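Please look over the sequence and the model shown here before reading the notes that come after it.

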Amino acid sequence: MRIDSLRLQLLRWLLLPLAGLVAVNVFTSWRQASATADLVTDRTLDASVRAIAEDVRIDRGVIDAIVPPVALEMFDTGHRDRVFYRVDTAAGRLLTGYPDLPLPEPPPKASAPVHFTGSYRGNDLRLAALSYPLVGATDGERVTVVVGVTLAGHAAMVRELWVGNFGQQLILLVAAGVLVIIGLGRGLAPLMRLREAVMEKGRDDLSPLPDHAVQSELRPLVAALNTYMGRVAGQMAAQRRFVANAAHQLRTPLALLSTQVAFARRTGEAAERAEALAGAEESTRRLARLASQLLTLSRAEPGSRRPRDEDIDLAQSARQVLEGLAHLAVERDIDLGLDVNAAAVTRGDGAMMREAVVNLVENALRYTPKGGTVTVTVDGGAGEAGSEAVLVVEDSGPGIPLEERDKVFERFYRVLGTPGEGSGIGLSIVREVVDGAGGTLVLGTAAAGGLRVEMRLPGV
Ligand SMILES: Nc1ncnc2c1ncn2[C@@H]1O[C@H](COP(=O)(O)OP(=O)(O)OP(=O)(O)O)[C@@H](O)[C@H]1O
Ligand SMILES: [Mg+2]
C-alpha cells in the first residue's frame with residue numbers, strides 16, 4: 001500500500017508540473033495559430049485589394065471600377081465566408097460596392113494596404129484598405145479600395161493549426177505518463193526486492209542484509225536495517241545470557257533445598273530433622289529473595305512498564321529503607337546512621353528508588369565487618385543542569401578495588417571472594433533505576449576506608 005502511494009505521489013509530482021507546462025504551451029500555440037491565420041487572411045485581403053485596384057481605370061475622363069471575379073474568389077476556402085468591398089474616390093464618390101462598409105480610421109495615406117477589424121451587417125470582419133493616386137488622373141486624384149471578409153475561414157484555420165498542435169502535446173503528455181509509470185516500476189523494483197529479502201528471512205535470522213547489490217540510494221536504508229538488526233541480535237543474546245544466568249542462580253538453592261527436604265524425610269532424629277528443615281527454610285528465603293530481585297530488575301528495565309512519575313523525597317525514602325533494614329544492622333552490630341543535610345527531592349518512581357537504596361544499604365551492611373559503621377547522607381545540591389538531589393552511602397568495609405568498580409554493575413557479577421549469599425543483581429538494579437531517573441552513579445572510597453556510593457539525581 002505504501003509503495004502504491006509512493007508511486008502515485010511521484011506521478012503527481014512529475015505529471016502535474018508537466019500538465020502545467022502543456023497548458024501554457026497550448027495557450028501560446030493558440031496565440032501562434034491565430035497570428036498565423038491573421039497573416040494569411042491579411043495577405044489574401046492585400047491580394048484582393050490590389051486586384052481590384054488594378055482594374056480601376058479612367059475611361060475617357062471618367063473613373064470606372066470593375067471588380068474582377070478573382071478578387072472575390074480567392075476567399076472561397078469552403079467556409080462560406082462572405083466578402084464585402086467598396087471603391088471610393090477621394091472626393092467621396094462611391095464607384096462600386098457597399099456604401100456603408102466601414103472605412104479605416106484615420107483614412108490610409110501610404111501606398112501599402114492597412115488592416116483593421118470592424119463589423120458589418122452583423123458580421124465580424126477583417127478588412128484591408130488601400131489608397132493610391134490613380135495613374136492618368138488629371139489632378140492626381142486618389143482612390144480608396146476596401147475589402148472585408150467574414151471570419152469563418154480564419155476561425156477554421158486557427159482551429160486546424162491549434163488542434164494539430166494540441167494533439168501533439170496531448171500525445172506527449174500521455175507518453176510522458178506512461179514512461180513515468182514504467183520508469184517508476186523499474187525504479188521501485190529494488191525497493192520491492194529489498195522488502196522481499198527482509199520478508200524472506202527466517203524468524204530467528206538477524207544476519208545483516210547484503211548491501212553491495214542495492215542502489216547507492218538504498219544503501220543507507222540497508223545499513224540502518226542492519227544496524228537495527230545488530231542491536232536486536234545483541235539484545236536477544238543478552239536476554240539469553242540473562243535467562244541462563246538466572247536459571248543457574250535458581251538451580252543451586254533449589255538443589256540444596258531438595259537435598260535438605262530429602263534429608264529431613266529420611267532422618268530419624270528430631271534434632272537433625274529440625275536442622276534440615278531450618279536449612280530448607282533458609283534456602284526458600286534465598287530463593288524468594290532471588291526471585292524478587294529478578295522481578296525488580298525486570299521492572300527497572302527501560303520499556304518494561306510505564307514508570308510512575310512522582311516527587312520523591314530522598315530523606316523520607318532513606319528513612320523508610322533504614323527502618324526496614326534496622327534488624328540487619330542490629331544483627332551485625334553495625335552503627336547505621338542517616339544524615340540529612342538538605343531537602344532533596346527528585347522525580348521518578350518512588351518504589352523503584354527505594355529498591356535502589358535498599359540494595360545499596362543492604363550491600364553496605366552485609367559486606368562491612370561486624371561493629372562497623374554505615375552512613376547514609378542526603379543532600380540537595382546544585383549541579384551543572386540545575387538543582388540536584390544527592391544520596392551517599394558510605395561504609396567502613398573492604399570497599400571495591402578500582403579495577404572491579406565497572407564490573408560490579410554487571411548482572412550476576414560478584415567480586416571474587418565476596419562472603420555470604422547474593423547473586424550479583426543488586427547493583428544492576430541500582431544502575432537501571434538511576435539511569436531511568438536520569439541520574440549518575442559514582443563509586444569511590446569512603447572516609448572510613450570502605451565503599452562510598454554516590455547517587456546524583458536531577459532535583460525538582
Ligand atoms: N558496600 C560494599 N562493600 C564491598 N563490596 C561491595 C559492596 N557493595 C557491593 N560490593 C561488591 O559488588 C558485588 C555486586 O554487588 P551486588 O549488590 O550487585 O550483588 P550481591 O550483593 O553480590 O548480590 P545481590 O544480588 O544479592 O545484591 C558484590 O558481590 C560485592 O563483591
Ligand atoms: Mg547486593
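The report below takes up a hairpin, a surface patch and a ligand site in turn.

## Basis of the values

This is a predicted model, in which local features need pLDDT of at least 70 and side-chain atom pairs count only at pLDDT 80 or more, while totals for chains, interfaces and linings use all residues. Side-chain values use heavy atoms, with hydrogens and water left out.

Strands β3 (residues 83-89) and β4 (residues 94-97) run antiparallel and are joined by three bridges; strands are DSSP runs of E with at least two residues, numbered from the N terminus, and two of them pair if DSSP finds at least two bridges between them. V87 has T96 of β4 as its bridge partner. Four residues separate the two strands of this hairpin, and in the turn G92 has a positive phi of about 100 degrees.

## A nonpolar patch

F166, L170, V174, V178 and I182 make a nonpolar surface patch of about 430 Å². V178 belongs to helix α3 (residues 152-200), a helix being a DSSP run of H or I with at least four residues. Because its relative accessibility is 43%, V178 counts as partly exposed, a class between buried (under 20%) and exposed (over 50%), with a 1.4 Å probe and protein chains only.

## The site of ligand 1

Around ligand 1 there are 21 residues, of which R289, Y367, R414, T418 and I425 come nearest; a residue counts here if one of its heavy atoms lies within 4 Å.

A nitrogen atom of ligand 1 is 2.9 Å from a side-chain N or O atom of D395, and an oxygen atom of ligand 1 is 2.7 Å from a polar backbone atom of I425. The protein buries 98% of the 590 Å² that ligand 1 exposes when taken alone, with accessible areas from the Shrake-Rupley method and a 1.4 Å probe.

How values were computed:
Residues are numbered from 1 along each chain as its sequence is written. Chains are lettered from A and ligands numbered from 1 in the order in which they are written. Patches are made of residues with over 30% relative accessible area and no salt bridge: like charges are joined within 9 Å, nonpolar side chains (Val, Leu, Ile, Met, Phe, Trp, Tyr) within 5 Å. A salt bridge is a side-chain nitrogen of Lys or Arg within 4 Å of a carboxyl oxygen of Asp or Glu. A polar contact is a pair of N or O atoms within 3.5 Å; within protein, one must be able to donate a hydrogen and the other to accept it, and residues adjacent in sequence count only if both atoms are side-chain atoms.
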